[in-house]
Amino acid sequence: MSPNRHESSTAKNKTLHPLTRRNFLGQAAMLAGAGAAASVAPGMTGQIAAQNSIGGVTWISTTAASRWQQKPLRGPGWQWDTLDARVATEATGPVLAGFGACFNELGWTALNALDSSNRDAIFKELFEPGFGASFNLCRMPLGANDFSRGWYSYDEHDGDFALDHFSIANDLETLVPFIKQAQQYSPDLELWASPWSPPSWMKRNKHYAAAMQFIPGQPPNGLTPDRVGKEGTDLFIQDEKYFQAYALYFGRFIDAYREQGIRVGMVMPQNEFNSAQPFPSCTWTPEGLARFVRHLGPEMAKRDVEVFFGTLERANESLLNVVLADQDAGRYIKGVGVQWAGKGAIAQIHRDHPALTLYQSEQECGDGKNTWAYAGYCWDLMKHYLRSGASGYMYWNIALVPGGESHWGWPQNSLITVTPQAKTYAFNHEYYVMKHVSHFVQKGAQRLEVTGTEDNALAFLNPDKSLAVILRNESAYERPVNVAIGERTIAGSMEPDSFNTLLVREA
C-alpha cells in the first residue's frame, strides 16, 4: 500500500478520476464527514440468504443505518419510476476464482486483542463457506509490508547467497497463526504472496525503502537522497548470483510455509514495481523483472507454484508485454495482479491476453475513517474490475485498530475495527459491500450482462445454477425495480442509498 497512487478517493463520483501521488492523503481526508463505521454485535451477521427465502428468491439490503436486512419482494402495484434490469441468460467473462483480503501483521495484532470467542466469531464470519463473506482467495506478504510491525526480511545477513540464515521466525508470531485460524473455517483457502522488498543487501541502496519519508509527522526512515529509487529503474542488483539467491529465497519461503501446513499456490515478483515508497518497496524495470522471472519461474515450477506478473499499479499494459515477449520469462507468466491506477489497463490486458488470469490484487484503502461514502466508491471499483475481466478480487486490511494507522504513519480502512482497550469490534461499511457480492457469488461463477434503465448492477451465474444480482441505489429515494431473467420478472424495491442482492435459486 502507498500514497503514491495516481488515484482518486472521491467516493461519491461514479467515474474514477486521477490524482497525483503526494496529495492522496489530503484528498482522502475530505471524506471524513461522509459517515461513520457501522457497529455490529458479534453474531448479527452470518448466513441470512439461506433462510426465509420465498419461492427460491431472496432479497438482502444494506444501508448506512440498517445492515444486511432481508426485504420482501414488492407487489404489482408499483408503477411510478420503476427501473428495469434485464439479466442475460448466457454467461460471459472468466470463471471466478473468488474473493478475499490480505493477511497483514497489524491485522493479527488487532484481532489478538480480542478474547477467543469474539475472534472465533470473526473468523467464522469471514471464512466459513456459505456462512458470511465466504472468503476463499487471500493474499499475504513475502516478508515485511507497510502493514507489518516494522521492517524485517527472512534473511538480513549481507552476502548470504546460500541463505544459511533464512528463517520465518517472525511470521510464526503473526502471519502463521493468522492464516491457520482462517484455515480452521476454510481448509481449502487459496493463498498467493508477493514481496514489498527483497532483503536490503540485495538492493543497490542497501535499505528496505525506496523513498525518503514524506508522510507528514513521521520520523525519517534513514534513507538519504543519493539512495532513493526511481520509477523506471532497477533498484534490485542486476547480477546473476543475486537473481539466483532471490529465486531461492522465494523457494525457501514456499517450503517453510508448507512445513507449517500452509500452501502458497502463486507468487508475484514485486508489489507495485513502479513505486518508490518510504516503507518496504523496490523499483524494477519490466526488463529487470523479466531477468528475474527467468530464475523465479523454474524455482517455482519445482514446487508446483504459479507465477503472475505484478502487481501492476500503472495504466500501462506495455509493461506486461515486455515480460511476455521475453521467451525465457514469458512462458512462466500465468496471470496478472492489477491494483490502483492499474485498473486503467485491465480491460485492455483482458482483450489482448484472454488466457491470462487477472486478479484485482488490492482494493484501494481509504483514509482510516471507514465512511459510507467511501464504501460507495469501493462498489464502483468492484464493478469496474469484475466487468473488465478480473476473476479474483481482494480487499486490503482485514482488521485494524481505530484510525487504522500503519507502522509508517498512513491511516487506512479495514473490514473490521478492533478497539483493544474495550476488547470490542465493529464490521465496517466496506465489509458489507464485499459481502453483498462474496456471500452470494460462488467460486466458479460467471458474470452475466445486465442491461436496461438500471445499469448500476452486477449479475453472476453460480455453478449450482443459482443467480445473484447485486444492485446499487445511489439516490436519496426509494427505487422500485423489475429484474427480468429470461421470461421471469422479479419485482423488488431498493431503499434510498442502498446496496441490494437478489438471489434466485433454480426452480
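Modeller: In this predicted model, helix α10 lies across strands β1, β15, β17 (457-461), β18 (467-473) and β21, and the helix runs at about 50° to β17. The strands it lies across belong to an open sheet of 6 strands, whose order is β2-β1-β21-β18-β17-β15 and whose pairing is antiparallel. At the edges of that sheet are β2 (69-70) and β15 (446-448), each of which pairs on one side only. Further in, β1 (residues 57-62) and β21 (residues 498-504) are joined in the antiparallel sense over 6 bridges, and among the residues of this pairing V57 has V504 as its bridge partner in β21.

Turning to the helical neighbour, α10, which spans residues 372-387, meets α11, residues 429-438, with axes that come within 8 Å and cross at roughly 30°. Because angles under 35 degrees count as roughly parallel, α10 is roughly parallel to α11, and α10 passes α11 in a right-handed crossing. On the α10 side the contact is made by W372, Y374, A375, C378, W379 and M382, while α11 contributes H429, E430, V433, M434 and V437.

Notes. Residues are numbered from 1 along each chain as its sequence is written. This is a predicted model: local features need pLDDT of at least 70, side-chain atom pairs count only at pLDDT 80 or more; totals for chains, interfaces and linings use all residues. Side-chain values use heavy atoms; hydrogens and water are left out. Axes are lines fitted to C-alpha atoms, for helices over the stretch in contact, and angles run from 0 to 180 degrees between N-to-C directions. Helices (H or I, at least four residues) and strands (E, at least two) are DSSP runs, numbered from the N terminus. Angles under 35 degrees count as roughly parallel, over 145 as roughly antiparallel, 65 to 115 as roughly perpendicular and the rest as oblique. A crossing is left-handed if the near helix is turned anticlockwise from the far one by less than a right angle, and right-handed if clockwise. Contact means heavy atoms within 4.5 Å. Two strands pair if DSSP finds at least two bridges between them.
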